[in-house]
Amino acid sequence: MSAAPMGFYLWLLLLRTPHGPRRSTFQFSPLMPKITSGEVSYITGAAAGIGKAVTTMLVNQGGRVVIADVNGDAASKFASELNEKAGSVVAIAVKSDTTNWEEQLAGFQLAISTFKRIDYVFANAGIAEHPWLPPFDPEAATSRPMVKPDLATAEINLIGQMYTAALAFQTFERQEIGPSGFRGKLILTASVFGYFPSRAMPLYASSKAGIINFMRSVAGYYADKNITVNAISPNLVDTTIAPDVLFIPFRKYKLLSDIQLVLDQFEKLLGDSTLNGQALSISQEHVWVHPPETHMLEENLPACDLISVEIFKLFGDKTP
Ligand SMILES: NC(=O)c1ccc[n+]([C@@H]2O[C@H](COP(=O)([O-])OP(=O)(O)OC[C@H]3O[C@@H](n4cnc5c(N)ncnc54)[C@H](O)[C@@H]3O)[C@@H](O)[C@H]2O)c1
């Protein structure tokens, strides 16, 4: 079979996989999976914005939550509000910077000693772009020393989420299958900038792209281990991630994505959902599953697969 028809058949095959057709509208049955009452979630960056909205949704569904945030006061206040409303302990707060391994480890240890297990981990904490270099200015540059780049955006949005993921996987590994039929589920908050470049946000875009390929890679590794890993990728949502002035033109031109639509995508991944390795994406009223890169896939797959097999052998990992 020549390369062209082979590629065509591969493309057809991909259309039939859970990755779905390119940029399609992703539709679910109205009977969406929900969490089992009492299930426990650990959410980073839960004291504001998207994390706070997800946390509220989980508690409203009968879940218990660990609110982990670098802003310890806001996390404690939010936990108190949720507990007061529920009339019981449904939330605990943890002051934890995701870039600090020891702080995250302590947060997970507190969660397990309090609630005994963690069913869902949301690696959500993130920040907007910090300029990594001064603006391009050849004249000023001649009298300026070479500047060490500010990599805070990548440290929080990529390394911080990887620390959270490492703790999630090792927690899931140590616990039995839970009420929804899984050891655990990890959901990473990515962004549409995980697929699309941004000339103003190179570190944000590269860290979110890193999260997308990390998610797809670990989803493959844990697929046969009763663990799911997925990502949510919104376009701009009106939160505290940026100064309010930034949102003004987006409100005017109706270019914001609705937080409820974002929450709906998180909800699709909960409970007995078997979705794995998916990037659920939201831009304004559009919702789609972003397909993985397929350009030259056919030519690369044999080597990519064999690399995995050989590396597992080197690492002493029994995964086939
Ligand atoms: N708002 C958007 O337009 C948008 C779009 C796509 C993706 N996202 C992603 O969603 C996630 C949440 O963003 P948001 O809009 O809710 O932001 P937000 O600023 O409203 O809330 C983020 C929360 O994370 C906390 N946080 C920040 N750095 C932290 C760290 N190092 N450790 C622990 N907590 C930390 C903050 O204190 C805050 O409570 C981020 O990963 C962001 O990149 C946001």
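In this predicted model, A123 stands opposite L188 in strand 5; strands are DSSP runs of E with at least two residues, helices are runs of H or I with at least four residues, and both are numbered from the N terminus. Residues are numbered from 1 along each chain as its sequence is written. Because the model is predicted, local features need pLDDT of at least 70 and side-chain atom pairs count only at pLDDT 80 or more, while totals for chains, interfaces and linings use all residues.

Strand 4 (residues 120-123) and strand 5 (residues 184-189) run parallel and are joined by four bridges; two strands pair if DSSP finds at least two bridges between them. Strand 1 (residues 40-44) also runs parallel to strand 4, through three bridges, and I43 has F122 as its bridge partner in strand 4.

In a regular strand the side chains alternate between the two faces of the sheet. In strand 4, Y120 and F122 lie on one side and V121 and A123 on the other, and all are buried; a residue is buried if 20 or more other C-beta atoms, placed from the backbone, lie within 10 Å of its own.

Helix 4 (residues 101-115) and helix 6 pack with their axes 10 Å apart, at an angle of about 35 degrees; axes are lines fitted to C-alpha atoms over the stretch in contact, and angles run from 0 to 180 degrees between N-to-C directions. The contact includes W101 and F108 of helix 4 and Y163 and L167 of helix 6, where contact requires C-beta atoms, placed from the backbone, within 7 Å.

Terms used
A residue is buried if 20 or more other C-beta atoms lie within 10 Å of its own, exposed if 12 or fewer, and partly exposed in between; C-beta atoms are placed from the backbone. Two residues are in contact if their C-beta atoms, placed from the backbone, lie within 7 Å.
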